[in-house]
Amino acid sequence: MRLFEKLLPDTIPLTEEQFKAFLEQTITTEHNRRILDGLTAQNAVTAPAQGAGTAGRGNKTR
């Protein structure tokens, strides 16, 4: 939310519920959904390449 407030300072007075409603309504427009889908697709393409470099480094979950 801090980045959002930095980009749109007039939104600071929004309550958490109002901000949530704004995000829900914004993300459901077809144009914005396509933008989000494109970003998600970019992540899917780069994630395997990034993960491959760390597979043999002994990274373990504790």
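Reader: Which element of the protein chain has the lowest mean pLDDT, and which the highest?

Author: This is a predicted model, in which local features need pLDDT of at least 70, side-chain atom pairs count only at pLDDT 80 or more, and totals for chains, interfaces and linings use all residues. Residues are numbered from 1 along each chain as its sequence is written, and side-chain values use heavy atoms, with hydrogens and water left out. The score pLDDT is the predictor's confidence in each residue, from 0 to 100. Among the elements, the lowest mean, 81, belongs to helix H3 (residues 30-52), and the highest, 88, to helix H2 (residues 16-27).

Reader: What does the protein chain average in pLDDT?

Author: Where pLDDT is low, the predicted coordinates should not be read in detail. In this chain, 73% of the residues score at least 70, and the average pLDDT is 78.

Reader: How many helices and strands are there, and what pattern do they follow?

Author: Helices (H or I, at least four residues) and strands (E, at least two) are DSSP runs, numbered from the N terminus. The chain has 3 helices and 0 strands. Read along the sequence, the pattern is α-α-α.

Reader: Is Phe4 buried or exposed?

Author: Phe4 lies in helix H1. Buried means under 20% relative accessible area, exposed over 50%, and partly exposed in between (1.4 Å probe, protein chains only). Because its relative accessibility is 18%, Phe4 counts as buried.

Reader: Which residues is Phe4 in contact with, leaving aside its neighbours within four places in sequence?

Author: Contact means heavy atoms within 4.5 Å. With those neighbours set aside, the contacts of Phe4 are Thr11, Phe19 and Phe22.

Reader: Is Leu7 buried or exposed?

Author: Leu7 is also placed in helix H1, which covers residues 2-7. Its relative accessibility is 60%, so Leu7 counts as exposed.

Reader: How do Arg33 and Asp37 count in terms of accessibility?

Author: The relative accessibility of Arg33 is 39%, so Arg33 counts as partly exposed. At 38%, Asp37 likewise counts as partly exposed.
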